[in-house]
Amino acid sequence: MSMPTSIPLARLSDPAQVASVHQAIEFGADNRPYRVIDIAMLAGLRVRIMADRGLDITECWYRGIPLHWAGWARESAPATRLDGQDWERHFAGGILT
């Protein structure tokens with residue numbers, strides 16, 4: 001199924017027909033909160049952005065196919081140690097550039 005390349009905005013009754021954005025606060029294994037932003041688009045692209053971790057994209061899916069690398073660690077709040085020794089416990093994967 002091919003998607004239209006442009007949709008006249010005047011024909012839309014609700015912008016959520018094209019894309020939706022959901023913000024939430026979740027809790028990691030250590031019970032510390034972190035903010036996430038989930039975006040879903042009409043053409044089948046879904047991304048999860050970690051707002052408290054420099055806008056890291058931890059998940060990216062296209063029509064149900066994962067485009068991200070998933071590590072062994074779960075999503076979590078940012079590391080508390082700044083000496084670089086704690087990042088591996090908090091790195092869940094994502095889109096790597």
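Colleague: Which residue in S4 does Ile49 stand opposite?

Modeller: Ile49 faces Ile57 in S4. Keep in mind that this is a predicted model.

Colleague: How many bridges join S3 to S4, and do they run parallel or antiparallel?

Modeller: Six bridges connect strand S3, residues 45-50, with S4. The two run antiparallel.

Colleague: What holds paired strands together in general?

Modeller: Strands of a sheet pair through backbone hydrogen bonds.

Colleague: In what order do the strands sit in the sheet?

Modeller: The order is S1-S2-S3-S4-S5. These five strands make an open sheet with antiparallel pairing.

Colleague: Which strands stand at the edges?

Modeller: Strand S1 (19-27) and strand S5 (65-66). Each has a single partner strand, so one side of each lacks a neighbour in the sheet.

Colleague: And the whole chain? How many helices and strands?

Modeller: The protein chain has one helix and seven strands. From the N terminus, the elements go β-β-β-β-β-β-α-β.

Colleague: Let's talk packing. Which residues make up the largest nonpolar core?

Modeller: Five residues: Ile37, Val47, Ile49, Ala51 and Cys60.

Colleague: What does Val47 touch, leaving out residues up to four places away in sequence?

Modeller: Val47 contacts Ile37 and Cys60, among others. Its list also includes Asp38, Ile39, Ile57 and Glu59.

Colleague: Switching to Thr58. Buried or exposed?

Modeller: Buried. Its relative accessibility is 8%, and the cut-off for buried is under 20%, so Thr58 qualifies. Thr58 lies in strand S4, residues 56-62.

Colleague: What does Thr58 touch, beyond four places away in sequence?

Modeller: Arg48, Met50, His68, Glu75, Gly93 and Gly94.

Colleague: Where is Tyr34?

Modeller: Tyr34 is in strand S2, which covers residues 33-41. Tyr34 is buried too, with a relative accessible area of 4%.

Colleague: How far apart are Tyr34 and Glu75?

Modeller: In sequence, 41 residues. In space, 8.9 Å from C-alpha to C-alpha.

Colleague: What share of the chain's residues count as buried?

Modeller: 24% of the 97 residues.

Colleague: And the accessible surface of the chain? What does that come to?

Modeller: About 7,100 Å². Carbon and sulfur atoms account for 59% of that surface.

Colleague: Last one. Among contacts between residues at least 6 apart in sequence, what share join residues at least 24 apart?

Modeller: That share is 28% in the protein chain.

Methods:
Residues are numbered from 1 along each chain as its sequence is written. This is a predicted model: local features need pLDDT of at least 70, side-chain atom pairs count only at pLDDT 80 or more; totals for chains, interfaces and linings use all residues. Side-chain values use heavy atoms; hydrogens and water are left out. Helices (H or I, at least four residues) and strands (E, at least two) are DSSP runs, numbered from the N terminus. Buried means under 20% relative accessible area, exposed over 50%, partly exposed in between (1.4 Å probe, protein chains only). Contact means heavy atoms within 4.5 Å. A nonpolar core is a set of buried Ala, Val, Leu, Ile, Met, Phe, Trp, Tyr and Cys residues joined through side-chain atoms within 4.5 Å. Two strands pair if DSSP finds at least two bridges between them. Accessible areas come from the Shrake-Rupley method with a 1.4 Å probe; for residues, only the protein chains shown count as cover.
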